[in-house]
Amino acid sequence: HKRRQFERVLFNNFLGAYTVVDQGGSIYPVSLVDVSYEGCLFQVPWDVKRDTKMEDDAELTMRMYFTNQSFIPVVMKIKYGREFIADDGQTYMQYGCEFDASMPSFQAVHAFIDFLYKFAEHSSLDKGSKKVYFL
């Protein structure tokens, strides 16, 4: 639960993700929902009348931006897509993907995911106390 909360803050305020779709080389922003060593879940706004669902097993590259101009490319395969209605009533298509761990850039992604897990394990909540604890 703690890791997911941290991921939400990180994904919404710090890390930009863009997916390169092989259909005409289009690049468009996606929202990361969850990430693990095996893969990730991302979502895009969805209009069933206008949008086309990506095929299962389609390969795509996600760009994980850490600055405005630098990113880590992550190759992955779509394992499933499903419609999702958020609390605000907006409809999204969520895609569950599996990372290609054989790509050299995956080493950086793995280290980043390792940081997320370690942060969740070792972080403390700031409850306004004045005392600082060093462990």
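1. Contacts of Glu83. In this predicted model, Glu83 touches Trp46, Val48, Thr91, Tyr92 and Met93, leaving aside neighbours within four places in sequence. Glu83 sits in strand S5, residues 71-85. Its relative accessible area is 48%, so Glu83 is partly exposed.

2. Glu83 and Tyr95. These two residues are 12 apart along the chain. Their C-alpha atoms are separated by 8.9 Å. Tyr95 has its own contacts beyond four places in sequence, among them Cys40, Phe42, Trp46, Ile78 and Tyr80.

3. The nonpolar core. The largest nonpolar core holds 24 residues. Cys40, Phe42, Met62, Met76, Tyr95 and Phe99 touch the most other members. Strands S2, S3, S4, S5 and S6 and helix H2 each give two or more residues to this core. H2 supplies the largest share, 5 residues. In soluble globular proteins, nonpolar side chains tend to be buried together.

4. Salt bridges at Arg50. The whole structure has 3 salt bridges. Arg50 pairs with Asp47, with the closest N and O atoms 3.8 Å apart. Arg50 also pairs with Asp51, at 3.3 Å. Arg50 is exposed, because its relative accessibility is 62%. Asp47 is partly exposed at 28%, and Asp51 is partly exposed at 23%.

5. Lys79 and Asp57. Their side chains meet in a salt bridge, 3.3 Å from N to O. Lys79 lies in strand S5 and Asp57 in the loop between S3 and S4, so the pair ties together parts 22 residues apart in sequence. Lys79 is partly exposed at 37%, and Asp57 is partly exposed at 48%.

6. Salt bridges with shared partners join Asp47, Arg50 and Asp51 into one network.

Technical notes
Residues numbered from 1 in each chain as written. Predicted model: local features only at pLDDT ≥ 70, side-chain atom pairs only at ≥ 80, totals over all residues. Heavy atoms only, no water. Helix = DSSP H or I, 4+ residues; strand = E, 2+ residues; numbered from the N terminus. Buried < 20%, exposed > 50% of the residue type's maximum accessible area, 1.4 Å probe, protein only. Contact = heavy atoms within 4.5 Å. Core = buried A, V, L, I, M, F, W, Y, C linked by side-chain atoms within 4.5 Å. Salt bridge = Lys/Arg side-chain N within 4 Å of Asp/Glu carboxyl O.
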